Amino acid sequence: MLLEDYDHVQKQVDFLDKSITEIISGHYAQAFECLDSISGIGIKSAEIIISEAGKDMSRFLTADHFTAWCGIAPGNNESAGKRKNTSIKKGNSYLRVAIVGAAWAAVRMKDSYWHALFDKLRKRMKAQKAIVAVAIRLLKVVYNTLETLNIYKEKGIAHFVDLQSKAALYHNAMLSWPQANND
């Protein structure tokens, strides 16, 4: 009897997977292709993103509004100089789980922008907080990709290193600027 129940449930799952594939290929093919081009986002993650958020990003004013709707926007809970717990807020839990899973998959890809970003964040915070920060940035990439419906092209670790060196140069210039004015 248990095997019959298992077979019945498996047939239902197969039917639903086939129905989802037909709907996506019929109505959301371009959005699905754009999402699939992002590192870490696979078929199931793309299906969840499309089913939960849709392909029309015009209902969100900015990418920050989209991350807030998902429930992973960073919070600031500070009063009288005391920082309090800023846990993840209420939001779309299905989308949140999918994007955090996609972030874990993206950071596991060696020589990628996401891996380098995670390593940098991991030096100053726990892995769970670092992955949420990566998921926030990944969700912003999802927003921009769905808004423009363009294929995402990852720039790789060289782009990350270039951004870090530019930030260091800017930081050093800003530190030496007041000294130059005082002389």
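**Helices, core and loops**

Author: Happy to. In this predicted model, helix α6 (residues 113–122) packs with helix α7 (residues 127–148) at an angle of about 140 degrees, their axes being 9 Å apart.

Reader: Which hand does the crossing of α6 and α7 have, left or right?

Author: The crossing of α6 and α7 is right-handed.

Reader: And which residues make that contact?

Author: From α6 there are Tyr-113, Trp-114, Leu-117, Phe-118, Leu-121 and Arg-122. From α7 come Ala-127, Ala-130, Ile-131, Ala-133, Val-134, Arg-137, Leu-138 and Val-141. By class, the contact of α6 with α7 has 12 nonpolar residues, no polar ones and 2 charged ones.

Reader: Nice. What about the largest nonpolar core, how many residues does it have?

Author: The largest nonpolar core has 43 residues. Those with the most contacts inside it are Leu-35, Phe-66, Ile-99, Trp-114 and Val-142.

Reader: Which helices supply at least two residues of this core?

Author: That would be α2 (29–36), α3 (43–53), α4 (63–70), α5 (93–107), α6 and α7. The largest share of the core, 13 residues, comes from α7.

Reader: Why would such side chains sit together?

Author: In general, nonpolar side chains in soluble globular proteins tend to be buried together.

Reader: You mentioned Ile-99. What does Ile-99 touch?

Author: Setting aside residues up to four places away in sequence, Ile-99 touches Ile-49, Ile-72, Ala-135, Leu-138, Leu-139 and Val-142.

Reader: Let's follow Ala-135 then. Is Ala-135 buried or exposed?

Author: Ala-135 lies in helix α7 and counts as buried, because its relative accessibility is 0%. Beyond its neighbours within four places in sequence, Ala-135 is in contact with Ile-72, Ile-99, Val-100 and Ala-103.

Reader: How far apart are Ala-135 and Trp-104?

Author: In sequence, Ala-135 and Trp-104 are 31 residues apart. In space they are 8.4 Å apart, C-alpha to C-alpha.

Reader: Switching topic: at what angle do α3 and α5 pack?

Author: The angle between α3 and α5 is about 150 degrees, and their axes are 9 Å apart. Angles over 145 degrees count as roughly antiparallel, so α3 and α5 are roughly antiparallel to each other. Their crossing is left-handed.

Reader: Who makes the contact there?

Author: On the α3 side, Ser-45, Ile-48, Ile-49, Glu-52 and Ala-53. On the α5 side, Tyr-94, Leu-95, Ala-98, Ile-99 and Ala-102. The contact of α3 with α5 divides into 8 nonpolar, 1 polar and 1 charged residues.

Reader: Is Ser-45 buried or exposed?

Author: Ser-45, in helix α3, counts as buried because its relative accessibility is 16%, and the cut-off for buried is under 20%. Not counting residues up to four places away in sequence, Ser-45 touches Ala-98 and Ala-102.

Reader: What about the loops? What is the phi of Asp-111?

Author: Asp-111 has a positive phi of about 55 degrees although it is not a glycine. Most residues other than glycine have a negative phi. Asp-111 is in the loop between α5 and α6, and at 61% relative accessibility it counts as exposed.

Reader: And what is phi for Leu-149?

Author: Phi of Leu-149 is near 55 degrees, again a positive value in a residue other than glycine. Leu-149 is found in the loop between α7 and α8 (156–182). With a relative accessible area of 26%, Leu-149 is partly exposed.

Technical notes
Residues numbered from 1 in each chain as written. Predicted model: local features only at pLDDT ≥ 70, side-chain atom pairs only at ≥ 80, totals over all residues. Heavy atoms only, no water. Axes fitted to C-alpha atoms, helices over the stretch in contact; angles between N-to-C directions. Helix = DSSP H or I, 4+ residues; strand = E, 2+ residues; numbered from the N terminus. Left-handed = near helix turned anticlockwise from the far one by under 90°. Contact = heavy atoms within 4.5 Å. Nonpolar A, V, L, I, M, F, W, Y, C, P; charged D, E, K, R; others polar. Core = buried A, V, L, I, M, F, W, Y, C linked by side-chain atoms within 4.5 Å. Buried < 20%, exposed > 50% of the residue type's maximum accessible area, 1.4 Å probe, protein only. Parallel < 35°, antiparallel > 145°, perpendicular 65-115°, else oblique.
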